[in-house]
Amino acid sequence: MTISLDPTNPSSKKLQPTGWLRYFSFSLDHKVIGLQYLICGFIFYLIGGALAGAIRIELTSPLSDFMPREVYNQVLTLHGTIMIFLWIVPVVNGAFGNYLIPFYVGARDMAFPRLNAVAFWLIPPSGLMLISSYFINGAAQSGWTAYPPLSITTPAAGQIIWILSVLLLGGSSIFGGINFIATILKLRRPGLKLMQLPMFCWAMLGTSLLVVISTPVLAGTLILLSFDIVAHTGFFNPNLGGNVIVYQHLFWFYSHPAVYIMVLPAFGLVSEILPVHCRKPLFGYATMVYSIMGIVVLGLIVWAHHMFTSGTPPWMRLFFTIATSFIAVPTGIKFFNWVATLWGGKISLNSAILFSCGFIVNFVLGGITGVALAQVPFDVHVHDTYFVVAHFHYIVYGGSVFVIFSSIYHWFPKFTGKMLNENLGRFHFALTFIGFNLCFAPQHWLGLNGMPRRVAEYDPQFELVNQISSMGALLMALSTLPFLFNVFQSAFQGKDAGDNPWKALTPEWLTSSPPPVENWKGEAPLVIEPYGYGKNNSQQESKITK
Amino acid sequence: MGSSVPKTSAILTLIISISLAVLGVWIAYNIKMLPIEASQNSPVYDELFKVLFIIGTILFIGMVAIVLYSLFQFRRRAGDEGDGIPLEGNISLEIFWTAIPAIVILFVGLYSYDIYDRMGGMSPLMHHENSSNSNPLDQKIWGGIGSDSIESSNTDNSMVLPIELTAMQFAFIFHYPKGDIITGELHVPVGKKVSLKMESKDVIHAFWVPQFRLKQDVIPGQPTVLNFTPTKAGTYPIVCAELCGPYHGGMRSNVIVDELNEYDNWFQQNAKETI
Amino acid sequence: MDMEKITPNKNQKLPNEIAMTSVAPKQQSSQNTISETEDHEDFRLFGLIAFLIADGMTFAGFFAAYLTFKAVNPLPAGAIYELELPLPTLNTILLLVSSITFHRAGKFLEKRDSRACQKWLIITGLLGAAFLVSQMFEYFSLPFGLTDNLFASTFYALTGFHGLHVTLGSIMILIVWWQTRTPGGRINYENKFPFEAAELYWHFVDGIWVVLFIILYLL
Ligand code: HEA
Ligand code: HEA
Ligand code: CUA
Ligand SMILES: [Cu+2]
């Protein structure tokens, strides 16, 4: 009985370089592509973080003195765009999705390996293009939301480059999404049922649905916007009879789901990490699956909560308030189930668990401020203030970035066959956690008391609190040092990990570390209980003693 | 799951959580987290804020407490290589923690609807201006929150002070139709309802007075309306809250809330026509 | 199913053995008994459908924008937004017929009659080209240009984006036609995925046109 799970043309594999070189090549191996995404994304994270550093330096004093005002706007636009489109989205989807999904469905590669490589190789050029716009003619300076008419009136070159690179990145993520859906639904190993898949597959399936449904709308919108800029049409130009609110609706129709594109895969990753280090099955598998799908459906119908102070009629505000608030229910289910997974486990307090639990704590706070923001009467005061900045950094940094770090600690042994240094890892966690909260918790107060976002200058009364926040940012920047040191040191001189250092049951651990080119030497294993920790203990022991 | 967990520590957690929640309530009532209240809208807003803050604190502290407790109580002891209890799920628990947030959310939703209504969000806009206006743009006016219905839906025209606001890069310009006054600073009397009709000349701006707890975008090609009643004399900042270009951060003005007679003085001095 | 779980303590081969023994042969037929190429086609077509959903969402965004513009934004006095119907109706018919001819071509491909298949493909391609010509003709006879007003801009954006799809589809038909030639062509009844993909895409473009026709010309 031969199972043909390998979609790639075997002859093309021979052309693939091996060794370190393959990470710089048009490789078709999903593991190589996954790591390419990860490393490329991390470089952009450092760039985006350096821009955040520039923002925080500017904001240590109430005057606009560190950089010109236009440059400040360019910096915050690039910071937001890079962090979202070149760091979080490619890493939680592209990096971990590509690396793990084929293992989880028992395949040797993704459904469309070539498309996969194309999707990755769209990213570095568009990222470089975006950043180089800063040096050519001034980068885009209308925020990552690019609201017209501002985006039509600011210098055109930067805005057009911004649109082009976001279009390319959107295309990349659509290709990725199609690939994930096809891999999960069509490439599953025979005998493996959907409800036996590891939770990350479900998270990626939900995310990819959102990607495929919503990203094209962003693409269409940006095409219209670019027409307004280069061909002087009037879609969003009120002077020519256009309507600026339509842009906002279309933009948020994508960009609200985009926030779940940034966080659902992170939910999936946490669901993989917790059971392993707690030595317990994932609590409430089925409800976890339903709640992901609930988030996907609800996520598509809440976009106007970003527009409560724009021109929206009352009925619309109320509808979007209710719909948005209800996202707390499926999300809450996930959090309670994770806590129940912790409960009664045998938890190793290692870096992976610490970052995952940091994620839970931070995200709950960010989610609660989110539910507050969803209430129209509450939002009319804090919309477009630092309260919102605090809300989303609690979620994107305290949520997604914490999970990325957690995942690196968890899967590094798989990637390289070496262990990371745990003490350095815990130190990294402590520094990040303290720095993060120091940086963003005070921003809630700033927003409530009257500091708007996207400003380079502010009232002197906010100086002290801004300086505290900048101190936190400094700590966060410093916290990357032990991490980077740890990664480089361990990759070369780390302790050997063996194939399965965590004694994990998910399929990627049932092969060597790092895995061979086609994932398994023999046939793919059938894992129908990826979270079967602690079950049939007696049976297991008797087998060992035999 | 109770058997393996000592009952006393569960009770202890409960007690700690409750006392932390009480602390949250105390903070909500005693620590100033918002600027002073200077409009009829503000006390209503602050009431909502308190309720949200209390609910949020209880939820957040509860979650943190459970996570910390689990990490401590269920940490792996040295030398223990075994697995945890193989609990895979529990239907009644799932129902429980689906229902609780749903109830909380329903409560929050209904409550904030009530607040929204009390802020005048649901009452029709512009009922006090001549509605026979035939300008097509006026017919699609969209509004922010007004404080109409707070004072027994007083729709007497003489009680309302209409003002027009034009925003442009990077200034707010106010026009008083009654005295034909044009000014860069907004003067309003205490206790009188103000109806701001806003339009932008170029890009989107936003009119925000933190002390009034009110914000409304000022949109080109799309007039918007904001109603409010100031309640406390003083000078408060008007902040532009929508990115509108390089000097967005400098696009500020003041609203000067005067006692009625001072306001009248100011008005008489500046009015072009006597009324 | 009562299956043993996999533990890291067991050796690597064990999971495979479980897989071999515990899966009833009938359940796996879909993946195992069909030949490899067909296995491929299955999810390539699936991927194409996913892509078409995405593409359709781009159009949906445009339609939504158009309908909102129409509902809330008054046009300047004198702007024309009543369109002539004859030409677009002809276009609709051209595209609908071309869908049928493409389908016929597919039927002949299945019957291993490549010549007839090619004949019907040519007809399809000509119909597509006729559509494009007549669309161009309409563009030149319209009394408004791209930047005249909101309606004009949206009209050109929508029809232009659709026209781009038709152009792409026509090129695909050309390629498929070339590849179905009897000695030397790569597409035949055994390897008909490229043909099916082009056909599906063509039907999709037609479907979009019908929606576009209703929304833009009839509403
Ligand atoms: C990954 C990113 C991410 C995620 C997951 C979320 C999640 C949520 N967001 Fe956030 N949001 C952003 C990223 C994100 N957001 C960004 C980037 C912006 C700013 C964009 C810009 O303008 O630049 C923004 C802005 C934003 C706004 C607009 C604010 C404004 O501009 O005025 C609103 C308003 O409703 C909102 C709401 C929410 C809600 C209700 C959730 C919910 O999904 C949260 C649900 C989670 C929980 C509630 C916690 C867990 C639940 C429980 C423990 C159960 C019990 C809880 C209750 C009963 C309350 N967000
Ligand atoms: C999506 C992810 C994401 C992430 C991870 C971050 C991370 C951070 N963000 Fe950002 N942020 C956004 C998304 C994100 N942000 C978005 C979408 C906006 C809105 C933009 C807009 O308004 O349009 C925003 C806006 C925003 C603002 C508001 C600007 C304004 O409105 O005026 C601020 C201010 O404090 C800020 C700060 C920070 C800080 C201190 C970090 C820190 O966590 C960063 C920590 C990391 C580092 C410090 C890197 C360390 C490395 C180095 C320092 C080495 C340097 C390397 C080289 C020189 C090669 N961000
Ligand atoms: Cu005007 Cu910001
Ligand atoms: Cu949102």
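The points below cover a metal site and then a chain interface.

1. The model is predicted, and every value here should be read with that in mind.

2. The iron atom of ligand 1 takes a single donor from the protein. That donor is NE2 of His391(A), at 2.2 Å. His391(A) sits in helix 15 of chain A, which covers residues 386-416.

3. What lies 4.5 Å from the iron atom of ligand 1? The copper ion, ligand 4, is at that distance. A donor has to lie within 2.8 Å of the metal.

4. Chain B and chain A bury about 7300 Å² between them, and carbon and sulfur atoms account for 69% of that area. On the chain B side, Asp83(B), Trp97(B) and Leu243(B) give 9% of the area buried against chain A, more than any other three residues. In residues, the contact draws 89 from chain A and 82 from chain B.

5. How many salt bridges does the rule find across the interface of chain B and chain A? There is one. A salt bridge joins the side chains of Asp459(A) and Arg252(B), with N to O at 3.0 Å.

6. Polar contacts across the interface of chain B and chain A come to 20 residue pairs, with both residues at pLDDT 80 or more. The side of chain B that touches chain A has 49 nonpolar, 19 polar and 14 charged residues. Elements that each supply at least two residues to this side include helix 2 (41-73), helix 3 (91-118) and strand 10 (234-240) of chain B. Strand 1 (142-143) and strand 8 (214-218) of chain B also each supply at least two.

Definitions and conventions:
Residues are numbered from 1 along each chain as its sequence is written. Chains are lettered from A and ligands numbered from 1 in the order in which they are written. This is a predicted model: local features need pLDDT of at least 70, side-chain atom pairs count only at pLDDT 80 or more; totals for chains, interfaces and linings use all residues. Side-chain values use heavy atoms; hydrogens and water are left out. Donors are N, O and S atoms within 2.8 Å of the metal (3.2 Å for Na, K and Ca); water is not among the atoms, so sites may look incomplete. Helices (H or I, at least four residues) and strands (E, at least two) are DSSP runs, numbered from the N terminus. Contact means heavy atoms within 4.5 Å. Buried area is the accessible area (1.4 Å probe) that two parts lose on being put together, summed over both. A salt bridge is a side-chain nitrogen of Lys or Arg within 4 Å of a carboxyl oxygen of Asp or Glu. A polar contact is a pair of N or O atoms within 3.5 Å; within protein, one must be able to donate a hydrogen and the other to accept it, and residues adjacent in sequence count only if both atoms are side-chain atoms. Ala, Val, Leu, Ile, Met, Phe, Trp, Tyr, Cys and Pro count as nonpolar, Asp, Glu, Lys and Arg as charged, and the others, Gly among them, as polar.
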